[in-house]
Amino acid sequence: MCGIIGCVGRGEDTLDVLVHGLAKLEYRGYDSAGVALANGGVSVCKRAGEIDDLRDELEGNTLSGKVGIGHTRWSTHGPPTDENAHPHQDCTGDVAVVHNGIIENYQEIRDELAAEGHEFKSDTDTEVVPHLIENALADGDSPEEAIRYVVERLDGSYAIAAVVAGHEAVFVARNDSPLVLGLGEDATYLASDVPAFRDHTDRVVYLDDGEFARLDADGWEVRNTAGERVEKTVDTVTWDAEETGKSGYDHFMLKEIHEQPRALRQCLRGRVDEMAGTVDIEDLGDLSPQRVQFVACGTSYHAAMYGAQLFQRAGVPAETYLASEYATSPPPIGDALVVGVTQSGETADTLSALREARARGARTLAVTNTVGSTAARECDHALYIRAGPEIGVAASKTFASQLGALNLLALGTTRTDDARDAIAALRDLPGQVQALLDENDARSVAEAYQDAGAYFFIGRGLQYPVALEGALKMKEITYKHAEGFAAGELKHGPLALVTQDTPVFAVVLGDGERARKTVGNVKEVEARDAPVVAVTDGQSDVERYADRVLEVPETHPRAGAVLANVQLQLVSYYTAKLLDRSIDKPRNLAKSVTVE
């Protein structure tokens, strides 16, 4: 959600670096883009639409400067228009600002500034920032002092980067919205996410809340709210810039679906002793939770539901909460371990829930893909899923790796009779996913039902979160109505919507009681002439009642859920492709949701 790029030290290449960095941030979701360059003055170019629209606007433009900032905006205050695009300027045109986050008291500040004679050109909350800087500079403050004054006035979340006429520097502040510095040999970069500058350097510094930074020709420095210099750790990014390319695939999403075998191997590597039937996860120590509360959003919430069931099956009480609800109305915590599942480690609702839990004395753990993310730094423990960079907005390989990591967490902190079998199944899982990717019928299923009016997904137990995730993928990238249900709930209302035009995807694995009951639900659907697509390992005989079958290998129930999900990902992908949707950048959605 919204992307920031900044650059100091590249000379005449600065504009090209900014536009290239913005293109690398397209996956976050956006509806306008712009850049600002500082030399003797400040020049701005911005457009509603895509990066290519900005490039068209820059053709023949005379923008120049050795210092610059850029932004991709995901609309929150005001529609996607040229005027609402970032960067925003003050009345003099000497200040340009980009901002991620939400300024909650912007209207109060805007009214105050308007009464003083300031003129506003946009509907955004961000525009108050350059005008506040203008006032501070007029009072004799330095740019650093002006930024410090501004953030004292703001309520809410922000990652702010500003350039000021006459200063070859970028001035930065962070609170509740991610920012990272990139340290090149002869240039310094700033971004909301590493891919923006990964082509130029792998050395990074993650800013924390309440920190300010200055980037200039002499390098960089970070200070705290008291103005004291902060010594920061320089980390090295372990993945290559090439990993963020499509590698010959039509879409990032398809590439990332096919990367799941490797992602799962990376998740498991060095953490499992199959001979001993044990899991050893570094940094978790002797963690042995008596109760677990999961907090998450979206796809991560479905992974958390799966994780909670793993703990419940080991005799440990576990619950799953939507992070946005937990943060505003937290349940009793007691001695629970609170686990935040967040792909980016920057999801605002999940961070708020984790902070609420910590404030009430809970021990916290982040399950995340991003080393150095806010969640990883703020929690007592971090479990990295090791999926590698994911560019497609709709999560695919990160969901599989979350399920893998949550298996490791449960197996490493509890005791179950089937631990050896579960570990063996996890070992075989990457190869089974690869075999499924090499040969499947997902495309033909998509072709058969691409014109359906709606799609239903049902499952029980560990297959229920998979059904929910299957529905989410379908609605995210096809824009078709799709819903997931616990299979037993279908007859308690949703069955009224079942028609010949509503395919029902039934995830049925194994031959136990859950499978038999789900087959019964499939018969209810069949009796109402709705087409049935069975995702099955063939043990339950559900294919007798199905119009189409998507096969998965027979394995442990934990691993079976991952395999079933891959089939549903492929169906959604091929359906979206047949419908000519924007698969990697679905409308209205963002990769990392950093506002509440």
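Guide: Happy to. The largest nonpolar core has 86 residues, and Phe294, Leu365, Val367, Phe457 and Leu570 are the ones that touch the most other members. By nonpolar core I mean a set of buried Ala, Val, Leu, Ile, Met, Phe, Trp, Tyr and Cys residues joined through side-chain atoms within 4.5 Å. Buried stands for under 20% relative accessible area, exposed for over 50%, and partly exposed for anything in between (1.4 Å probe, protein chains only). The biggest contribution to this core comes from helix α17 (residues 557-578), which gives 12 residues. Helices (H or I, at least four residues) and strands (E, at least two) are DSSP runs, numbered from the N terminus.

Before going further, a word on what you're looking at: this is a predicted model, in which local features need pLDDT of at least 70 and side-chain atom pairs count only at pLDDT 80 or more, while totals for chains, interfaces and linings use all residues. Residues are numbered from 1 along each chain as its sequence is written, and side-chain values use heavy atoms, with hydrogens and water left out.

Now zoom in on Leu570. Setting aside neighbours within four places in sequence, Leu570 is in contact with Leu254, Ile257, Leu436, Leu437, Asn440 and Ala442; contact here means heavy atoms within 4.5 Å. There's also a second, separate core of 27 residues, with Val35, Val180, Tyr189 and Phe197 among its members.

Stay with α17 for a moment and look at what comes after it. Asp584 lies in the segment following that helix, and it counts as buried because its relative accessible area is 9%. Beyond four places in sequence, Asp584 touches Lys246, His251, Phe252, Met253, Gly392 and Val393.

You'll find Gln450 in the loop between α14 (442-449) and β22 (454-459). With 19% relative accessibility, Gln450 counts as buried. Its contacts, not counting residues up to four places away in sequence, are Tyr455, Lys480, Thr575, Leu578 and Leu579.

Strand β8 holds Ala173, which is buried, at 1% relative accessibility. Leaving out residues up to four places away, Ala173 touches Ile147, Val151, Tyr158, Ala159, Ile160, Leu179, Glu211 and Phe212. From Ala173 to Asp208 it's 35 residues in sequence and 9.5 Å in space, C-alpha to C-alpha.

Asp176 sits in the loop between β8 (169-175) and β9 (180-183), and its phi is positive, about 65 degrees, although it is not a glycine. Asp176 counts as partly exposed because its relative accessibility is 27%. Asp529 also has a positive phi, near 65 degrees, and is a residue other than glycine; look for Asp529 in the loop between α16 (513-526) and β25 (532-536). A cis peptide bond joins His86 and Pro87, with omega about 5 degrees, and Pro87 belongs to the loop between β4 (67-73) and β5 (88-89). Why point these out? Because most residues other than glycine have a negative phi, and most peptide bonds are trans.

Finally, step back to the whole protein. Its secondary structure comes to 17 helices and 26 strands, and 60% of its 596 residues count as buried. The radius of gyration is 25 Å, which agrees with the value near 25 Å for a compact globule of 596 residues; that radius is taken over C-alpha atoms, and the globule rule is 2.2 Å times the number of residues to the power 0.38. Along the principal axes, the C-alpha atoms fill a box of roughly 75 × 50 × 45 Å. For a sense of distance across it, the C-alpha atoms of Gly227 and Val508 are separated by 60 Å. Of the contacts with a separation of 6 or more, 70% join residues 24 or more positions apart.
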